[in-house]
Amino acid sequence: MVDEKKVNQVVDSRNGVEHGDTPGDAPGYELPLLLFAGFRSLIDQLHAELARQGHPDVRPAHGFAMQAIGLDGATAATVGRRLGVSKQAAGKTVDRLTALGYAERTADPTDARRKLVRLTPHGLDALARSARIFDELRARWSATLGPDRLRALETDLRTITPPDAFTLDPEGWLGGP
């Protein structure tokens with residue numbers, strides 16, 4: 001919203017779109033905004049609950065990074081590749097996760113020259129709590145929309161989403177090179 005008007009108010013005014021149009025005739029730009037708003041709502045609620053449950057320092061980027069580290073650990077270069085960011089950017093995020101106690105650097109058992117980043121018990125706890133909280137948030141959506149409508153929404157999103165579309169690439173989505 002900009003000045004209590006839609007973000008694309010300039011486009012709307014040139015195309016004759018009015019605020020009272022029926023939902024079936026919604027302008028195309030609303031779909032990505034609604035999908036993003038739904039995503040943002042879930043993420044914001046997740047982080048508020050994580051903070052209440054003892055993880056006040058976890059940020060959305062940390063969640064992506066911890067997923068990229070995975071249960072087996074990864075090098076900073078691998079984390080960067082999985083996130084779609086440079087090794088240096090990944091290293092800064094890993095440094096922050098390490099400082100917060102969510103990750104640690106350890107020797108790679110297969111190559112003494114490399115360091116692996118591994119999740120600590122604190123990091124694993126944050127991920128486990130996140131999974132439970134996401135289940136609770138999904139249950140709320142189910143209660144609001146109805147279980148059949150939510151399942152249909154999920155099925156429809158799976159249908160229109162390319163199989164390789166789910167990557168941990170926030171940098172690429174939101175301003176990468």
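Phe36 and Phe39 lie 3 residues apart in helix 2, so about one helical turn separates them. Helices are DSSP runs (H or I, at least four residues), numbered from the N terminus. The model is predicted: local features need pLDDT of at least 70, side-chain atom pairs count only at pLDDT 80 or more, and totals for chains, interfaces and linings use all residues. Residues are numbered from 1 along each chain as its sequence is written, and side-chain values use heavy atoms, with hydrogens and water left out.

The count of aromatic pairs is 1. Rings of Phe, Tyr and Trp (its six-membered ring) pair if their centres lie within 6.5 Å; planes under 30 degrees apart are stacked, over 60 edge-to-face, and the rest tilted. The ring centres of Phe36 and Phe39 are 6.3 Å apart and their planes meet at 35 degrees, so this pair is tilted. Phe36 has 44% relative accessibility and is therefore partly exposed. Phe39, at 36%, is also partly exposed. Here, buried means under 20% relative accessible area, exposed over 50%, and partly exposed in between (1.4 Å probe, protein chains only).

A nonpolar surface patch covers about 510 Å². Its members are Leu31, Leu35, Leu145, Leu153, Leu157 and Ile160. Patch residues have over 30% relative accessible area and no salt bridge, with nonpolar side chains joined within 5 Å. A salt bridge places a side-chain nitrogen of Lys or Arg within 4 Å of a carboxyl oxygen of Asp or Glu. Helix 2 (30-52) and helix 7 (147-160) each supply at least two patch residues. Helix 7 gives the largest share, 3 residues. Ile160 belongs to helix 7. At 65% relative accessibility, Ile160 counts as exposed.

Notes. Patches are made of residues with over 30% relative accessible area and no salt bridge: like charges are joined within 9 Å, nonpolar side chains (Val, Leu, Ile, Met, Phe, Trp, Tyr) within 5 Å. Accessible areas come from the Shrake-Rupley method with a 1.4 Å probe; for residues, only the protein chains shown count as cover.
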